[in-house]
Amino acid sequence: MIDSDLHKMCESGDVEALYFVGFNLVMGIGVEENEEEGVKLLTQAYEKGEIRAVVQLAECYYNGWGVAENPKKTVELLMKHPMPSNKKAQYLLALCNYYGEGVEKNLNRAFLHFKAAANLNHGRAKDYLADCYYNGHGTEKNFEEAARYFKDAADNHGIASSANKLGYMYLD
């Protein structure tokens with residue numbers, strides 16, 4: 001249940017409240033999850049200029065949370081509002097480029113976005129970046145860098161797949 005004061009603030013178009021409540025509804029934080037209503041509020045916040053809503057909306061479109069899955073819309077939102085210091089924005093752009101979702105597949109761009117997100121301490125981005133180094137996707141193969149990022153992702157972010165891949169590297 002949304003606090004009545006927050007509800008009133010949303011009804012009056014308060015941008016901060018729209019973003020806050022929308023985010024919490026999508027993620028189910030402190031309230032029963034309601035992705036559709038959350039996306040509606042995030043969209044209102046975005047249309048009123050709340051830039052933080054861009055990344056959350058982009059993630060909703062990427063994952064199909066409260067809206068039809070639409071990676072192209074994810075890319076459009078993130079390219080219209082570049083956020084080089086936002087690790088989630090960089091990670092989403094990397095995924096889209098890596099898999100060719102919403103944009104033509106481009107491993108070089110994917111590598112650069114994974115690296116940017118990893119440098120901002122995004123755990124899953126470190127796992128993908130390690131894969132890029134290991135397989136030579138968007139960069140030259142570099143097993144030392146692959147091992148370093150797999151270890152970091154496993155030790156500092158609990159990414160099990162990184163621990164597994166690092167173990168296989170030690171075996172080889």
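# Rings, charges and helices

R148 lies over the face of Y149, 4.5 Å from the ring centre. The model is predicted. Work through the exercises with the structure open.

**Exercise 1.** Find the ring that the charged end of K73 sits over.

*Solution.* A charge counts as over a ring only within 6 Å of the centre.

**Exercise 2.** Classify the aromatic pair of Y98 and Y128: what kind of pair do they form?

*Solution.* The structure holds 11 aromatic pairs. Take Y98 and Y128 from among them. Step one: the centres lie 5.5 Å apart. Step two: the planes make an angle of 80°. Angles over 60 degrees count as edge-to-face. So the pair of Y98 and Y128 is edge-to-face. Step three: place the residues. Y98 belongs to helix α6 (residues 87–99), and Y128 to helix α8 (residues 123–135), so the pair ties together parts 30 residues apart in sequence.

**Exercise 3.** Decide whether Y98 and Y128 are buried or exposed.

*Solution.* Buried means under 20% relative accessible area. Y98 has 11%, so Y98 is buried. Y128 has 15%, so Y128 is buried.

**Exercise 4.** Classify the pair of F114 and Y128, and say which helices hold the two residues.

*Solution.* The ring centres of F114 and Y128 are 4.8 Å apart, with 10° between the planes. Under 30 degrees counts as stacked. So F114 and Y128 are stacked. F114 is in helix α7 (residues 107–119) and Y128 in α8, so this pair ties together parts 14 residues apart in sequence. F114 is buried too, at 0% relative accessibility. Now widen the view. Ring pairs join F114 and Y128 with Y91, Y98 and Y99 in a cluster.

**Exercise 5.** Describe how α8 and helix α9 (residues 143–157) cross.

*Solution.* Two packed helices are described by the angle and the distance between their axes. Distance: the axes of α8 and α9 come within 8 Å. Angle: they cross at roughly 160°. Over 145 degrees counts as roughly antiparallel. Therefore α8 and α9 are roughly antiparallel. Their crossing is left-handed. Last step: find the contact. On α8, the residues making it include L129, A130 and Y133. On α9, they include Y149, F150 and A153.

Notes
Residues numbered from 1 in each chain as written. Predicted model: local features only at pLDDT ≥ 70, side-chain atom pairs only at ≥ 80, totals over all residues. Heavy atoms only, no water. Phe/Tyr/Trp six-rings, centres within 6.5 Å; stacked < 30°, edge-to-face > 60°. Helix = DSSP H or I, 4+ residues; strand = E, 2+ residues; numbered from the N terminus. Buried < 20%, exposed > 50% of the residue type's maximum accessible area, 1.4 Å probe, protein only. Lys NZ or Arg CZ within 6 Å of the ring centre and 35° of its normal. Axes fitted to C-alpha atoms, helices over the stretch in contact; angles between N-to-C directions. Parallel < 35°, antiparallel > 145°, perpendicular 65-115°, else oblique. Left-handed = near helix turned anticlockwise from the far one by under 90°. Contact = heavy atoms within 4.5 Å.
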